[in-house]
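Welcome, and please open your viewer. We will go from stop to stop, selecting a few residues each time.

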Amino acid sequence: MALDWKKLAQTYRDDYVADLKTLVSIDSSRDDSLATEDYPLGPGPAKALAAFLDIAKRDGFTVKNLDNLAGYVEYGSGDQTLAILGHADVMPAGKGWSTDPFTLTAKDGNLYGRGTSDDKGPALAAYYGLRMLKDQGIDPKMTIRFIIGTDEESDWTGMNHYLAVEPAPTLGFSPDAEFPLINGEKGNVTFETHLKGTNGGTLTLDEFDSGLRMNMVPRDAEATVTTENAAGLTTAFNAFVEQAPITGEATTTGQQVHFHVVGKAAHGMEPKNGINAGTYLATFLANHDFGGDARNFLTLLATKLHDDSRAHKLGLAYTDKVMGDLTMNVGIMTFKAQEGGLINTNFRYPTGTGAAQILAGLQAATAGMDAQVEQGREMVPHYVDPSDPIVATLMDVYRQQTGDLTAQPEVVGGGTYGRLMKRGVAFGALFPGTQDTMHQADEFQPEADLLKAMAIYGQAEYELTK
């Protein structure tokens with residue numbers, strides 16, 4: 001069927017923006033403190049899932065909610081299933097926004113709001129691709145399932161639940177990355193280093209707090225220190241801020257100095273795109289007279305983890321010619337006197353290295369610190385050969401729609417639902433040259449890009465199932 005997919009997508013513009021406004025208005029970050037039997041991840045993810053399904057029900061699709069953890073929209077029939085895997089949850093908004101993160105705001109051709117880029121905007125564009133097929137009366141020759149997870153930004157509880165209760169798809173793509181196409185994803189593993197809460201020396205580290213999630217470069221860091229020389233410590237801090245790529249302030253109450261540092265948030269798959277407020281603050285404090293576990297906490301951050309996204313200081317630097325560099329993000333750093341400290345490090349690694357080597361490096365770095373290093377969830381590297389028909393078909397659609405005939409599939413450090421299928425890839429919706437604001441304040445996506453992505457998704461879903 002010869003369709004002008006770009007022209008067709010434009011006819012859905014108003015409906016799409018209205019639906020995205022609804023989705024963005026829901027703070028769907030996971031909140032375990034509000035979890036109930038009905039809302040196992042807190043109310044936000046479940047409400048966003050319900051909103052996606054309500055949109056599809058309005059449009060006449062068959063839908064199913066799987067225990068408020070995942071859901072799907074179904075169209076077509078056949079022995080094979082094409083899965084389109086998106087997610088309704090978002091990262092915590094954090095600080096530093098110039099607009100309300102939960103109000104869709106149009107400005108200078110861009111749509112601002114939490115989820116516009118990751119992943120409500122792209123997922124909705126992929127859904128509208130499916131709606132275009134239905135509205136045009138196109139009967140796909142396989143079952144298409146638009147599957148919505150609710151915990152992609154944490155531990156994938158929702159999608160794991162889907163795979164436990166529903167048949168695995170044959171092939172599919174996740175609209176949760178970038179164009180032209182991601183056919184390989186690095187391995188992904190997180191470690192937590194735990195320390196005790198002792199102090200010593202002439203200064204006391206009362207509290208230290210930085211980071212919201214393991215896969216997000218922390219924008220903010222705060223610490224409270226007790227010292228007999230508050231004025232001197234404040235002067236030294238101000239001098240440090242002057243020469244570092246951060247902003248910060250120190251306020252004094254008696255013998256306590258409270259520090260607040262502001263860096264730049266970024267997606268944890270490429271920490272170089274951010275400025276880690278936590279490790280910068282630790283680097284300043286480590287130059288002063290702390291003792292005990294407080295010193296170990298600060299020293300580990302300052303000498304082994306700060307400003308080293310390739311983990312050279314841990315002896316873990318590794319590069320694969322296909323998958324690229326191992327990367328490390330220091331996502332969460334907390335310390336409380338008498339209670340203890342925690343440092344969360346997230347690694348994206350290529351084929352050729354892995355969790356065992358990373359664990360050994362962290363254990364060597366903490367030797368003598370009375371620290372415990374614990375491994376969290378791991379996902380091994382994923383790769384789909386470029387000759388696979390799903391890669392070839394999607395690349396052909398992208399080239400047709402954009403005119404970029406030299407575009408090639410890529411390998412990235414991000415982890416998407418695409419890796420859950422042997423023949424799964426990530427496909428859009430961030431275009432080359434568009435600023436990546438995922439996991440950052442003032443997250444946005446150009447409206448024109450989202451409509452262009454809708455056209456690509458519509459044709460892609462048609463070509464894969466005709």
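How many residues of domain 1 are in contact with residues of domain 2? The count is 25 residues of domain 1 touching 25 residues of domain 2, where contact means heavy atoms within 4.5 Å.

Before we select anything, note that this is a predicted model, in which local features need pLDDT of at least 70 and side-chain atom pairs count only at pLDDT 80 or more, while totals for chains, interfaces and linings use all residues. Residues are numbered from 1 along each chain as its sequence is written, and side-chain values use heavy atoms, leaving out hydrogens and water.

**Stop 1: the two domains**

Colour 5–186 together with 382–464 as domain 1, and 188–379 as domain 2; these bounds come from an automatic or database domain assignment. The domain centres, taken over C-alpha atoms, are 33 Å apart. Between the domains, about 2100 Å² is buried, and carbon and sulfur atoms give 56% of that area. Buried area is the accessible area (1.4 Å probe) that two parts lose on being put together, summed over both.

Now select K95, K186 and H439: in domain 1 they lose the most area to domain 2, together 32% of what that side buries.

**Stop 2: a bridge between the domains**

**Stop 3**

By the same rule, the count comes to 23 salt bridges. For one of them, select D155 and R30, whose closest N and O atoms are 3.0 Å apart. D155 is in the loop between β6 (143–149) and α5 (157–165), and R30 is in the loop between α2 (13–24) and α3 (43–58), so the pair ties together parts 125 residues apart in sequence. Helices (H or I, at least four residues) and strands (E, at least two) are DSSP runs, numbered from the N terminus.

**Stop 4: two rings**

The structure holds 26 aromatic pairs. Show F240 and F284: their ring centres are 5.5 Å apart and their planes are at 45 degrees, so the pair is tilted. Rings of Phe, Tyr and Trp (its six-membered ring) pair if their centres lie within 6.5 Å; planes under 30 degrees apart are stacked, over 60 edge-to-face and the rest tilted.

**Stop 5: the backbone**

Finish at F179 and P180, where the peptide bond is cis, with omega near 10 degrees.

Notes: A salt bridge is a side-chain nitrogen of Lys or Arg within 4 Å of a carboxyl oxygen of Asp or Glu.
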